[in-house]
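Please read it with the structure open alongside.

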Amino acid sequence: MTVDIRVSWAGWMYRYYLRENVVGDGRRPARTPLRATQEQVGVPAGRWMGRGLAALGLAPGEEVTEAQLRNLFGERGRHPYADRIEADRLAAGESAKKAYRAGALGRRVTVTGVDFVFRPQPTIYLLWALGDGETRRVIEAAHERAIERVLEWIEDEVAVIR
């Protein structure tokens with residue numbers, strides 16, 4: 001397996017994800033909901049992964065929504081549920097400024113994350129393309145497990161927050 005790594009910059013990476021990546025490197029028609037476009041082109045919905053999800057109120061395997069992408073990557077590191085947090089705080093009588101700050105994940109940042117693209121070796125692509133349904137399911141399961149193991153290693157040995 002190879003891994004392409006790219007730094008996610010606020011705003012830019014969000015637009016890239018929505019325009020091309022999450023819809024199979026195609027173009028998303030204007031005013032078409034993200035999930036509808038993904039279903040049209042046969043791209044599965046993104047899923048949250050990693051050990052830090054519980055701290056954000058997210059669950060492993062939960063579908064990533066367009067609003068969550070916007071908040072986390074397009075809004076300079078806001079909580080994926082920042083809209084809900086802000087609405088709850090406003091309903092509780094807090095000022096708009098305080099409510100907005102409650103949805104922040106620390107200070108505003110320029111780098112909002114790191115994008116990893118996991119790719120199997122070319123021979124695996126061929127095996128998958130030429131294989132029967134069972135062979136494809138086994139390859140896909142092995143690839144998913146490899147991604148999980150690499151992310152575990154990154155969380156344990158590489159990722160450092162200061």
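Where in the chain's secondary structure is the place of Ile 5? Ile 5 sits in strand β1, which covers residues 2–9. The model discussed here is a predicted one, and the points below are grouped by topic.

**Overall fold**

- The protein chain has 7 helices and 2 strands, and along the sequence these elements follow the pattern β-α-α-α-α-α-β-α-α.
- Of the 162 residues of the protein chain, 27% count as buried.

- Ile 5 is exposed, because its relative accessible area is 58% and the cut-off for exposed is over 50%.
- Ile 5 belongs to a nonpolar patch on the surface together with Met 1, Val 3 and Val 114, and these residues together have about 320 Å² of accessible area.
- Met 1 is placed in the segment before β1, and with a relative accessibility of 34% Met 1 counts as partly exposed.
- Although Met 1 and Pro 120 are 119 residues apart in sequence, their C-alpha atoms are 4.4 Å apart in space.

- As background, side chains of opposite charge can pair when their charged atoms come close.
- How many salt bridges does the count come to? The count comes to 11 salt bridges.
- Asp 156 and Arg 51 meet through their side chains in a salt bridge with an N to O distance of 2.5 Å. This pair links distant parts of the chain, with Asp 156 in helix α7 and Arg 51 in the loop between α2 (34–41) and α3 (66–74), 105 residues apart.

- Why does the distance between the end C-alpha atoms of helix α7 agree with its number of residues? The 26 residues of α7 (residues 133–158) should span 38 Å at 1.5 Å a residue, and the end C-alpha atoms are 36 Å apart, which agrees.
- The buried residues of α7 include Ile 139, His 143, Ile 147, Leu 151 and Ile 154.
- Ile 139 counts as buried because its relative accessibility is 14%, where the cut-off for buried is under 20%.
- Ile 139 and Ile 124 are 15 residues apart in sequence, and their C-alpha atoms are 7.8 Å apart in space.
- A network of salt bridges links Arg 145, Glu 148, Arg 149 and Glu 152.

**Aromatic rings and charges over rings**

- The count comes to 1 aromatic pair. The rings of Phe 116 and Phe 118 have their centres 6.2 Å apart and their planes at 25°, so the pair is stacked.
- Phe 116 is partly exposed, with a relative accessible area of 26%, whereas Phe 118 counts as buried at 14% relative accessibility.
- Arg 78 lies over the face of Tyr 100, at 3.8 Å from the ring centre.
- Arg 84 lies over the face of Tyr 81, at 4.1 Å from the ring centre.

- Ala 67 lies in helix α3 and counts as partly exposed, with a relative accessibility of 28%.
- The C-alpha atoms of Ala 67 and Pro 80 are separated by 7.3 Å, while the two residues are 13 residues apart along the chain.

Notes:
Residues numbered from 1 in each chain as written. Predicted model: local features only at pLDDT ≥ 70, side-chain atom pairs only at ≥ 80, totals over all residues. Heavy atoms only, no water. Patch = residues over 30% accessible without salt bridge, like charges linked within 9 Å, V, L, I, M, F, W, Y side chains within 5 Å. Areas by Shrake-Rupley, 256 points an atom, 1.4 Å probe, with all protein chains shown as cover. Salt bridge = Lys/Arg side-chain N within 4 Å of Asp/Glu carboxyl O. Helix = DSSP H or I, 4+ residues; strand = E, 2+ residues; numbered from the N terminus. Buried < 20%, exposed > 50% of the residue type's maximum accessible area, 1.4 Å probe, protein only. Expected span 1.5 Å × (residues − 1). Phe/Tyr/Trp six-rings, centres within 6.5 Å; stacked < 30°, edge-to-face > 60°. Lys NZ or Arg CZ within 6 Å of the ring centre and 35° of its normal.
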